[in-house]
Amino acid sequence: MNTTRLRRCAGQGAAYALFAAFIGYFSNSPAYQHLPPDQAMVKLSLRHSGQLLGECQQRDPEELAKLPATMRAPADCPRERSPLELVLEVNGETILDEQIMPRGLHKDGMASMYRRVNVPSGPVMLKVRMKDHPGQTEFPYSVEREMTLRPAQVLVIDFDSQNRRFEFL
Amino acid sequence: MIRKLQQVMLGVLVRTEAAFDSVFGAHWNPWYQLGALSFHFFWIVVVSGVYLYVFFDTSILGAYASVQALTEEQWYLGGVMRSLHRYASDAMVVTVTLHLLREFAKGRFRGAQTFSWVSGLPLLWLLFAAGIGGYWLVWDQFGQYVAQTTTEWLERLPAISDSLARTFLSDATLSDRLFSLLVFMHIAIPLFLLVGMFIHVNRLKLARTQPANGLAIGVVVMLVVLSLVKPARSMGPADLKTAVASVDLDWVYMNFYPLLDRMDPLYVWIMLAGITGLLMLLPWLSPQQAPAPQAAVVDPNNCNGCSWCFQDCPYEAITMIPHEFRKGQRQARVDPDRCTACGICAGSCPSATPFRHVEELVSGIEIPGYPIDRLREEAVAKLATLSGEARVMVFGCDHALPIAQIETAGVAALSLPCIGMLPPSFVDYIARQDNVDGVMVSGCCSGDCFYRKGNHWTEERFASRRMPHLRTSAGHDKVEVCWASVFQGEMLAAELDKFRARLAHEPIAGGTPPPAGEAAHEHH
């Protein structure tokens, strides 16, 4: 093997090795710190329909007669639902205070949300409150709980619409 | 600013390519076949993916275990296949990115090349979607991180339901059906990518989708060795009750993921969409400074329907249609939107022979900016300037080494838009002249023509493997070919000196020019 051929082989080997080293290293290095080691994670997620915003109006017989036979519902009920107001406090500090709008063009769907917040691990006081009608002066749905979260623990807070209460999972 | 950036990048690129040329040779130089390498990596991913699919369990509890079994118990094949699947995917991202940067630096994103540029950009999104989706399937802690972060990111789009991230809220919300859907998407997205890749090369004649054999084998060996030395491994199994604090991120695919922890994910969408949009608009944001050269035109009087231009056009700009007035014959038709005005068609036209005794030399197809008649006039004028011993006429290319710098009393130089524009009959014509001793043909370095095929077709025409052939009674020894990039001026000068020395010491028997009619007939 002459020198030129040897030099070319060595050069090719070096080029392949460099390329392999690049993808070999960067395919899983350096490690990325997604969550600081002394923190836990709270995932607040819910799907809930706010209350209807208007009252149902009873139709009188004259009004009903004007309607097509298949549409003679005795009451005319508005479809629009109230947005939800949700507040999360951690150790007395408000971490999240949001208004969640109902889905749909007519705002008649469920309101849903998902938020992830990092909180310090160790003992924490969590308080979640929610309103589902603008006329409510107090938060009808509220829960306060003292917990000890270990580092990297995931605490899921969901809302059980059927039983109308918050759940800690 | 765009042009300055292009110039800087081009300077680095050309030097790098020259360095690789000296090691790999032009034929195996990976920089000249980044697109083909991307195809090659894609097929490695497909083959390894099919193998993995056979053993993969598409259930929440089975996914991780099945991948672990492949990695640990079947390390010699399943493990290697898994590693090949990952590393070839990463390698494809690298080659695709370099391919994009190279085409940008070379200015091949405007005019007729706009289609390839614009059709290639959406493929980046598909490539990343295919790769990132694959990590979910392993369902280890990394998969958990990717699933959580990606769904949160997707949810920031107004059209996406915000119950997507709820799917990965707890083990109770996960279902085996979801994993089947993810597998389906991991197959469907690469299929769309493949279709897109073929659309991307649709306007290229004989698009290079397979790298040179030596290079193809080289990268496979490289990936296998890497797979054995550093096999791809999973992190611990996913556990939705525990957050992934530190993650072994694939920075090739997910280099922008840390941004999602640091800013509103909507801004990441805006940033990536903005970059893509900007690149999409680049052909119009940075148009050619000089007026775009006019597309090739066909002269039906001189077109005999041989279809050589049709076969040689690198951009599929030529089609054959029934002749305008010769019944039963065909003629070429040029699509101006696809034509880059490289002139390769003129170089292939049998009527583009300077031996024809006509007042104005018009060939069947030529580019209006540089007609064949002007080429003959300029070549003849250049010959008249030659003096001394071993006089050489050099034909070069505007996109390679500027050959004006090698002109001396005994060396005349003429640069063409592409060397493929030079009809072999011109070389014969010049070689037969009394006031020249030899002809040198130069252009972009072998394996990398600015217009894709110019130097390759020229080599094939000279070697009588492609029409029109170089037939010269002046003797092939009077013709020398030397491809040189912009940084290979010294090499070209040395080759020119050697050629001239040979011409000076070994007088070559030349023939007298045949009668015009005979010569014209010969080249038809």
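Where along chain B is the place of B:Gly420? We will start there and then visit other parts of this predicted model.

**View 1. B:Gly420 and its surroundings.** B:Gly420 is found in the loop that runs between β7 (411-416) and α15 (424-431) of chain B. Is this glycine buried or exposed? B:Gly420 counts as buried because it has 30 C-beta neighbours inside 10 Å, and the label "buried" asks for 20 or more. B:Glu459 is 39 residues away from B:Gly420 along the chain, and 9.2 Å separate their C-alpha atoms.

**View 2. A four-stranded sheet in chain B.** Follow the strands of this open sheet in the order β7-β6-β8-β9; their pairing is parallel. At the edges are β7 and β9 (479-483) of chain B, each of which pairs on one side only. On average, neighbouring strands are turned by 20 degrees against each other, with direction ignored. Now pick out strand β6 (residues 392-397) and strand β8 (residues 438-443) of chain B, which run parallel and are joined by four bridges. Which residue of β8(B) is the bridge partner of B:Met393? That partner is B:Val439.

**View 3. Nonpolar cores of chain B.** In soluble globular proteins, nonpolar side chains tend to be buried together. The largest nonpolar core here has 82 residues, and the members that touch the most others are B:Phe41, B:Ala88, B:Met92 and B:Leu223. Helix α4(B) gives the most to this core, with nine residues. Zoom in on B:Phe41: leaving out residues up to four places away in sequence, it touches B:Ala88, B:Ala91, B:Met92 and B:Thr95. Another core, of 71 residues, lies apart from the largest one, and B:Ala341, B:Ala346, B:Ile419 and B:Phe450 are among its members.

**View 4. Where chain B touches chain A.** How many residues does each chain give to the contact? Chain B gives 36 residues and chain A gives 32 residues. On the side of chain B, the elements that give two or more residues include α1 (2-28), α4 (75-105), α6 (141-155) and α8 (213-229). With five residues, α4(B) gives the most to this side. The residues on the chain B side divide into 20 nonpolar, five polar and 11 charged. Strands take part in joining the chains as well: two bridges link β1 (residues 32-33) of chain A to β1(B), and these strands run antiparallel. Look for A:Tyr32, whose bridge partner in β1(B) is B:Val247.

**View 5. Stepping back to the chains.** Chain B has 18 helices and nine strands. Of its 524 residues, 44% are buried. In chain A, the domain assignment gives domain 1 (1-32) and domain 2 (39-52 + 81-168). Taken over C-alpha atoms, the centres of these two domains of chain A are 53 Å apart.

Notes. Residues numbered from 1 in each chain as written. Chains lettered and ligands numbered in written order. Predicted model: local features only at pLDDT ≥ 70, side-chain atom pairs only at ≥ 80, totals over all residues. Contact = placed C-beta atoms within 7 Å. Nonpolar A, V, L, I, M, F, W, Y, C, P; charged D, E, K, R; others polar. Pairing = 2+ DSSP bridges. Buried ≥ 20, exposed ≤ 12 C-beta atoms within 10 Å, placed from the backbone. Domains from an automatic or database assignment. Axes fitted to C-alpha atoms, helices over the stretch in contact; angles between N-to-C directions. Core = buried A, V, L, I, M, F, W, Y, C linked by C-beta atoms within 7 Å.
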